[in-house]
Amino acid sequence: MGVLKRYGKYLPISEKTPAVNLEEGSTPLVRLDRIGGELGIELWAKLEGCNPSGSFKDRGMVLAFAKALEDGARAFVCASTGNTSASAAAYAAHVGAPCYVLLPSGKVALGKLAQALIYGARVIAVEGNFDRALEMAREASELKKIAIVNSVNPYRIISQKSGAWEICEALGQAPDLHVIPVGNAGNISAYWAGYRDFNVWGRVSALPKMIGIQAEGAAPLATGKPCPNPETVATAIRIGNPVGAKTAIEAVSQSDGFFETVTDREILDAQKMLASRAGIFAEPASCTTLAGLVKLAAANTAKKLPQGAKTVIILTGNGLKDPDTAISQVEPPVKIGGSLEELLEVMA
Ligand SMILES: *Cc1c(COP(=O)(O)O)cnc(C)c1O
């Protein structure tokens, strides 16, 4: 029913706040028995790719837009590795406002670029990486007095907490382990805050361990070292200087969790595993979560991955956003002529 409607009582909105609604949120939480069985855990996947623009970014964008409109904003700007721009462009189109989108040139998945363009945003390719594009967007938003809807916008994080509330309501408790990709490090902090809310409000009695997964080539939080030239196939988390570093580190340490890294190979293997053994096609950044669990299971670290642990992975974005990466990992279709004999031979 839309995040503002479903969770309005928990959000900083009033009758004056425009009721922006693309029916975001309320995404499926699917139990993955086959993969969970292999890993020795009770595994659940939150399908954030089912949001209207195909990623969890819609959960935060809806409140960021509603509050900016309430404050009189007429135009919007963001920098993005792809999904923020797709989401911002969608909401801008929905509410009828112009939107400027800064993308690091050449590093954005095809589907996301298509989205920003078809929704009608003004798309600007910036030479340089995401971190530079974000700096520029921040400065331009101040000079031109237009609303910036990156995760520096506090409302994004506040309504992204809705993901944790939904999980608690679906499971009737918090999971033991919450596994999530970490890029700019807003979402992990939002989920942690959301779980704590439900705990404080007496809705759940325990809290999960927060496990943040980063790609090996873009792992400033997992390694504790700055990463000036982030590089990974998981473009949504190709970020070297996360804006939310401090709160993400707190979420992990307060919850007694940890950060883990995975290689691009492990990410792509996990993407294929999730698609071919669970019927779920998620974009590479999302698949870091399963890749992390596979790595922990293989390392046999019972302390980090206890048998039977109720585990939720956040599949942050839809696989269709990055078709090029997926296609590059699979066999092409079998070609035959038009005869039934050939078909039957292939099917034998
Ligand atoms: C934005 C994004 C992330 C990273 O989330 P942060 O809040 O920046 O850590 C992960 N996966 C996908 C698909 C994303 O779009």
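In this predicted model, an oxygen atom of the ligand is 2.7 Å from an N or O atom in the side chain of N83, a polar contact in the sense of a pair of N or O atoms within 3.5 Å.

| Residue | Part of the residue | Distance to a ligand oxygen atom |
|---|---|---|
| N83 | side-chain N or O atom | 2.7 Å |

The protein covers 96% of the 380 Å² of accessible area that the ligand has on its own, with areas taken by the Shrake-Rupley method and a 1.4 Å probe. Around the ligand there are 16 residues, of which K57, N83, N184, A185 and T316 come nearest; a residue is near if one of its heavy atoms lies within 4 Å.

The protein chain has 15 helices and ten strands, counted as DSSP runs (H or I, at least four residues, for helices; E, at least two, for strands). The C-alpha atoms of the chain fill a box of roughly 65 × 55 × 40 Å along the principal axes.

Residues are numbered from 1 along each chain as its sequence is written, and side-chain values use heavy atoms, leaving out hydrogens and water. Because the model is predicted, local features need pLDDT of at least 70 and side-chain atom pairs count only at pLDDT 80 or more, while totals for chains, interfaces and linings use all residues.

Technical notes: A polar contact is a pair of N or O atoms within 3.5 Å; within protein, one must be able to donate a hydrogen and the other to accept it, and residues adjacent in sequence count only if both atoms are side-chain atoms.
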